[in-house]
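Colleague: I would like to go through the terms behind this model. Please set each value against its definition.

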Amino acid sequence: MNVKTGCDIVEISRIEAMLKQSELLGKIFHPSELERFTAEHLAGIFAVKESAFKALGLSPNSWLKLEVNYTPEGKPKIIFSNDISLVGVMSWDCSISHDGGFAYAVVVVLQD
Amino acid sequence: MKSNLYNFFTELCQRYPSRIAFIERGKYRRRIWTYAEVHERVGQLGQFLDQQGFTRGDKVILCAPNSVWWAVIFLACMRRGITLVPLDVNSSPDFIERIVSLTNARGFISSRAVPTVGAVHAPVLLIEDLPGALADIPLMRAGEDEPPRLTEELEIVFSSGSTGEPKGVVLTHENVYSNMRELVELAAALPRRFLSIVPLSHMLEQTGGLFLPLALGATVVYNYSNRPRVLVRASLEERVTSIVCVPAFLQLLRPTKDLGRLKEFYVGGAPLDPALEQFWLSRNVVVYQGYGLTEASPLISTNSLNFHRPQSVGKVLPGVSVRLAEDKEILVQGPNISSGYYKNPEATTQAFKDGWFATGDIGEIDDDGFLFIRGRKKNMIVGPSGMKIYPEDIEKVLLGQELVKDAVVCGIGDNSSDMRITAVVLAEQKLDLGELAARVNTQLASHQQVQEIVIWPSSDFPRTPTKKVIRKDVCEYLSEADRDLEPVNAPPAQSADPVLAIVAAVAAVATDKVQESSNLVSDLHMDSIKRLQLISQLEDDLGAELDDSQIDHTSTVSDIRRLVLKTAANRKRILIPYWQGSVVVRWIRSLLQILISIFLRLFQRLSISGEPPRLKVGPVIYVANHASHLDTPTVIRALSSSGSRRVAVAAAKDYFFKGGGRRFFSQLVFNAFPLDRDGNLPESLTLIGRMLDKGNSVLIYPEGTRSQTGAIKPFKNGIGVIATEMGVPVIPVKISGNFGILPKGSIVPKRGSVTVRFGGALRLEAKASYISITKALEETIQNL
């Protein structure tokens, strides 16, 4: 069994600067993700996506090929689209943290 | 009684029911609204507002970008006697909340496109949800409701981005209606198409860009984006004749070569550089400059077809009186002038004296009655000898100089005795400031002499949403005295090559550091956010819709250039040729399709379950599984039984559109258009939108290719985006049996029976993710 990780840190102010560019946002986030429209929240989702690209070795433009959703308890989870090959992937998990104007995320993938 | 805005509007709709009132240009779709349709929607929305408990005199805040729905909401509130409070889309959540509590607003209408809407603590009604909400509301009969009285409040317009207490101008039905009527009298009855640019939260756009066109029975085009390149394209494609704008836009449009049918600009909101007016005149575009203020609903004077004097703001409107105070301040009176500021008696008494409104502008009137504006009273600088200096006069001279893009003149100093006249300029490239000062001063009077010129340290001045320079911010920055503005530090020379310049700007390095072979990541240190910004900047400045799936960490500057060139070439290539939709070809296509259906009968027994939508539903998207080349003719055979034969088929670009016979055959017989299976989603969305606009339903196979086993393969994610963005019903279709007749790789069909199952139209949730929609579609078709 293999463990793959990916992590990413984003300055929340950089996401804040994007908030007025709705077309740019549409390239990165699903409508469902834009529902909670705060820079802090979006920065966390952004960091999860970037971490997942790293963990799975995906092309860095796969923003819309995965979605970050929340469990009723508020824990983030990743949903992959069919466009991402998950052959050999057994399980995955992610976590987000915010502090000092930064959002940080880590993604762990288990492969057989 | 005809004399109010609402009755006026109703009458117009009855007079020109089938004329086009609005053209709504979405990113991928284009929709036409007739006057009759606008009237219907306004009636329905009025009833909806009733149902929501809104009554006469309630205040409703509207904070949304310009759109047909903005206009419909305005008209519906007008009809119901609800006072609208329009706010600029860039208002901060704090500001919005302050206005909500100040006005006791009963409602807050906004749009998903407003970035701050999620952060506002007030119940919100989203424009995007309105079409759904109105679907079940019956149309209203004429004369069912009591029209508003002229003296009722129509709207309260707050100045945007202001610091301190927000000041709301109260405008009645009479104020706005009288202003519009005078304007209609002046405008010759020519067929016009307006392109909407200035935010509708400003009176300039409301009266000039909405009420005037409606009163003339003209058309207003609303475009989804305000990016200059996209606007120019919209203007050309929609054959726009007239634009209401601020002078900055005239400057922005200057380099545009092809202007199509553009004939006139209506300009207001800021002083117009005479050279700019001349430039446009030389291109046969007339610039009508007017003068107004929110407090005047907004127009006080304007040039027109019959009287036009360069540099002046035209003649005072009939019915409006203007006189000059002792200090030459313009005072105005008339039916269009507001009665005062909302809940702000102090500001009201300050501005309104003896029935005259003090505009704060200094002006002159010549012998022929033309009004000239010298400048703002509050911008006036009192020089050492007590002379009055209008910064606007000096700025005009500066603007006439080569290489000066814009200029602001400030008086720096605590009192008049040590007042220094300082000019701040935006320059296109490095210039000799000492020489510039000397040159400018020869053209200025002795009390106007500029003592210092500095270059503004960033690429543009701070501006209001209507692109007016926020003079106060510029001057404050200057007078924070010891801040070291490096007077000689001109911005880097603009590179002649736009791609290089944009890459350098986004990477924040000098242009000469950027080579063709520079890698975006390793050489220019662009992380993913910067790469996204690069794409967005390229799209903004070059009008290119880039296939961003092609840009990654291995990309170099020359790769970017290649992509930009490719998009430009792609736009020129006609992907759906004209003949494909022509009447004759459609007729031949129907005939061929009948022949093919007859041919299919020879070996295919067809049964249909579920019902395809009837024609009057309008175009839809059929989403089907795919296992055989027979699938398309089979679906068409199944659809023809219900009479909905106009279908365009999305066909793999790399297979059907390589050229030659296969391409021609698919276009002729199946009305096929190319779909890029590996990525280029923007192109696919554009083509699908175009087909739907032409009234064709679209058939798509989201598996991307024919199944090799007959089992349904996982759907590609793009279908989720397509289904969400196109705004038409999506009909799931399951085809079973063709795999047994003609599987992939086989060329001779066997006999067999086929079932086509149509599912009910899928209602897509606007807030869903593309992934969940894709999966829902896949599941629905599996289970049909």
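Modeller: A polar contact is a pair of N or O atoms within 3.5 Å; within protein, one must be able to donate a hydrogen and the other to accept it, and residues adjacent in sequence count only if both atoms are side-chain atoms. Between chain B and chain A, 11 residue pairs are in polar contact, both at pLDDT 80 or more. This is a predicted model: local features need pLDDT of at least 70, side-chain atom pairs count only at pLDDT 80 or more, and totals for chains, interfaces and linings use all residues. Residues are numbered from 1 along each chain as its sequence is written, chains are lettered from A and ligands numbered from 1 in the order in which they are written, and side-chain values use heavy atoms, with hydrogens and water left out.

Colleague: What makes E539(B) and K27(A) a salt bridge?

Modeller: The term asks for a side-chain nitrogen of Lys or Arg within 4 Å of a carboxyl oxygen of Asp or Glu. The closest N and O atoms of E539(B) and K27(A) are 3.2 Å apart, so the pair qualifies. The count between the two chains, B and A, is three salt bridges.

Colleague: Which helix of chain B gives the most to the side that touches chain A?

Modeller: Helix 16, with nine residues. Helices (H or I, at least four residues) and strands (E, at least two) are DSSP runs, numbered from the N terminus.

Colleague: Why are strands 24 and 26 of chain B called edges?

Modeller: Strands pair if DSSP finds at least two bridges between them. Strand 24 (404-412) and strand 26 (452-455) of chain B each have a single partner strand, so one side of each lacks a neighbour in the sheet. The order is 24-25-26, with mixed pairing. Eight bridges join strand 24 to strand 25 of chain B, and these two run antiparallel.
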